[in-house]
Each structure stands twice: as structure tokens, then as C-alpha cells.
Amino acid sequence: MLLKSATALTGLALPLATFGPALAQDQVDLRMTIWSANEAHLAMFNEIADGFAELHPGVTVTFDSLPFDSYTTTLTTQIAGGNAPDLAWILETTAADFVNSGALAPLTETFAATEGYELEDVTEQATALWRADGELYAYPFSTSPFALFVNNDLITEAGAQTPAELIAAGEWNWDNAIDIAATVADTGANGLIVRDFNYQIWQNLASIWRGWGTDPWSEDGTTCTFADAEMVDAMSFIHAAIFETGAMPGPGENVDFFTGDAAMTITQISRASLLPQGDEAFDWDLVPLPSGPAGNYSVIGQAGIGAFGMGDNVDMAVEFLAYLSNPENSAKLAQFFPPARQSLLNAETLGTTNPLLSPQQLENVVVAGITNGVVLPGHAGFAEIQQVARAELDALWQADADVEAVLTSVCNRITPML
């Protein structure tokens, strides 16, 4: 289904006439798909939707939460079946497919004409993935760096130095990070979790392999680099952490850092809402990704919101997106989703909506990560590439795997797709 639905999206070509005025009607019901069912996230979105309804009586917005693992599959299936939502969150990995498909309504003119919108405040770097021929087709509501949440209690109980101590000593690197994870794992707890990886979403490992200065394909997307020496070294490092030192849980082990069962997890700051409170709380920290053989680096996960250009309510959907992403509501979104607006990208502003994070964490992890980070790898036709590469990588998650041979097989399979 994934391959079929991705193909269906790529084949969509919608005439500009579909972007005309919506039919006059007493009631407009907009539906927006998202991949979060978090109560705090939904409460915030519903609050924003209620504010829009006050300005537009008779307009409602419903947020349709779809499972993350099958989100794009479900969304593209809805589009192909003629049941497209009015708006949708879009992953950075599939940005090229959505932006170039003709499925999304253009946004620039409406945003620029909206009083108080301040489109110039939205950075060009943040919108790069979401533009085609100078036109903006989705708003990057979340530009979030990957970082490590740390359970200092587990680490100190195991007799290891905390990441903060290593940072202060100038020794925060991947070798030492994995040593911490292995030391904690030796106590019977768990070491390092790459959240949402689960031996399927392999692109999240970019949060590690970018430390080796590598990616799965060349910058222009035409050449597979999975089998390059740097990627082989990075994947060998990850393989050893899983099967030799036990620093990372193996396949089939479902471990959640936020329940207090692991020393560290690589994820984004929007996950801070999952940190336990009260009696269940532990001493936690948020630190940047460790340096690797290629030096310091940052990795960004990004998500956009687009309005689809089919249906009767296109103009209203675009107007709601302009309201959702205006300066006032962008500040609300910044509570969970780091903003694309330059005026909000500072520790003082982010601190008002992220009270759990210290000014130092916000400045050194969030602001610095967004400023210096590179977005997760994506590609036209990514859904199919992701699926094929994942199937080939299954052979890597065995104790006796030949890392270089597996990565060569990945390149052999995906090169025709590039």
C-alpha cells in the first residue's frame, strides 16, 4: 500500500483553477491530519482553532490524529481515494513529493496579504524545503533539532560521568557517550535509545552517522553513498553498540526513556512534554549531540503544514493556515515545535513557552541546533526508497552481519530509484 499510495501522490496534478474562491456556505468543516495524539498538543491546536472560529463563525477545524509509523501511507491513500484532508502535517522526508506534486495550494500571496503576518520574519533557510519556483507550498511549523535527553540518576548510580560533566571537560563525543550507555546497560537498565528508530525508520540514525560526515546519498541525490567508508564506519559503530557492548537495545526490545528505563534518548524537544512529573520524576538534562570523527554537527527534523488544493474549502484552509502560523500563534506553537520565525528564535522567547528547559539548554541545544543544523535526508520518491532500504537493512541487525556487504546491497537496490 505504501508504494502504491506514494505513486498516487506523485501522479497528482491539480489545475490552478481549484485554488479559486470557496463556495459560500453557512458551515465550513475543515479537517487537518496530524501525527500527534498528545493531549497537550491537541489542546493547543483546539485553542487556536477556537480563536479562528471567533473570527469566522460557522467554521470548525477537526484535528485527525494518524499513527506516525503509517502516517504518510494513510495520508496519500486518502488523497488517492478522493478523501484528502483540507490541511496536513508533512514530513521533511516527503517534502519534495508533496511540493512538486501539484497537490498543495500556493500560500505566498495569502500570507503576504494577511495583516500582521510579517512573512519576512519567516527565515529562508526554514522554508527552503517547502518552496518551488519561489512559491511557498507549506509552512514549516516545526524546525526541531535532535538532541539527547539524559537520565542523570541512572548514569550516576552506574558510576559514570554525566554528559554535562563531559561537556564541561570538552570530552563530549560518541565514544564517551556509548561508554556511558554501556556502563548503564551493565547494571541491568538500558543505555541509549534512538527514539522512533525501532529498526525500521533508519533515517533517524542520521542523528548518529552525521557525526561521521556522511549521508545515504550525495547532495544532489543522484549517487548512493550508503557503502562509502564513512557510512560503513558509522554503521559499524552502531552495530557494535547493539551487539557487542549492549549500549543500545537490540531488535524487538521496546524501551521508553521517559518511563525512566534508559540512560539517554536521541529525540526532539517536543518530547519534553513526556518527561515524568511528581513522584515519577528523575534528574534529567538536555544536551547536544556528541561530536563524531567529523567534528560537531546538528541534525534537524522538520515538518510543514500544507493546504490541499482540492475540495470546496481551499481558500478557507489557506486562511486558517495563515492564522495558525501568524506571529501570535507561532509563539504558542513554539511551546512544543521550534519556530521558523527569526523573532522567536531566542532563549528568552522560547523560555516563556518551554518552562521545563533552562535558558542554557534553549540557547546551546535548541537555538544553536536550528541555526547550524542540516535537515534529515529526504528524496523524491522517498517512501519507496525508505521501504526498499529498510528491507535490505534488516540483514544488518544481526550479530554476525557483514556491515559493508549489507550497505553495498542497499546501494545496489536503491541506485535505480535515485
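Colleague: What should I know before we start?
Modeller: This is a predicted model, where local features need pLDDT of at least 70, side-chain atom pairs count only at pLDDT 80 or more, and totals for chains, interfaces and linings use all residues. Residues are numbered from 1 along each chain as its sequence is written, and side-chain values use heavy atoms, with hydrogens and water left out.

Colleague: Which residues form the disulfide?
Modeller: A disulfide is a covalent bond between the sulfur atoms of two cysteines. Here it is counted when a pair of cysteine sulfur atoms lies within 2.5 Å. The structure holds one, with sulfur atoms 1.9 Å apart, and its partners are Cys224 and Cys411.

Colleague: Is that disulfide left-handed or right-handed?
Modeller: Look at the torsion about the S-S bond of Cys224 and Cys411. It is about -80°, so the disulfide is left-handed.

Colleague: How many residues apart in sequence are the parts that the pair ties together?
Modeller: Helices (H or I, at least four residues) and strands (E, at least two) are DSSP runs, numbered from the N terminus. Cys224 lies in the loop between α10 (206–209) and α11 (229–243), while Cys411 sits in helix α17 (residues 403–414). The pair therefore ties together parts that are 187 residues apart in sequence.

Colleague: Is Cys411 buried or exposed?
Modeller: Buried means under 20% relative accessible area, exposed over 50%, and partly exposed in between (1.4 Å probe, protein chains only). Cys411 has a relative accessible area of 9%, so Cys411 is buried.

Colleague: What span should α11 have, and how far apart are its end C-alpha atoms?
Modeller: The expected span of a helix is 1.5 Å times one less than its number of residues. For the 15 residues of α11 this should give 21 Å. The end C-alpha atoms agree, as they are 21 Å apart.

Colleague: Which elements do the buried residues of α11 pack against?
Modeller: The buried residues of α11 include Met231, Phe237 and Ile242. Contact means heavy atoms within 4.5 Å. The buried residues of α11 pack against α9 (174–185), α10 and α17.

Colleague: Which element gives the most to the lining of the largest pocket?
Modeller: On a 1 Å grid over the protein atoms alone, a cavity is a set of points where a 1.4 Å probe fits but cannot get out, and a pocket is an open set with protein on both sides within 12 Å along at least five of seven lines; lining residues have an atom within 4 Å of a point. Grid points are joined across faces, edges and corners, and a volume is the space filled by probe spheres set on the points. The largest pocket has a volume of about 1,100 Å³ and is lined by 45 residues, with Trp35 and Phe68 among those nearest its centre. With five residues, the element that gives the most is α16.
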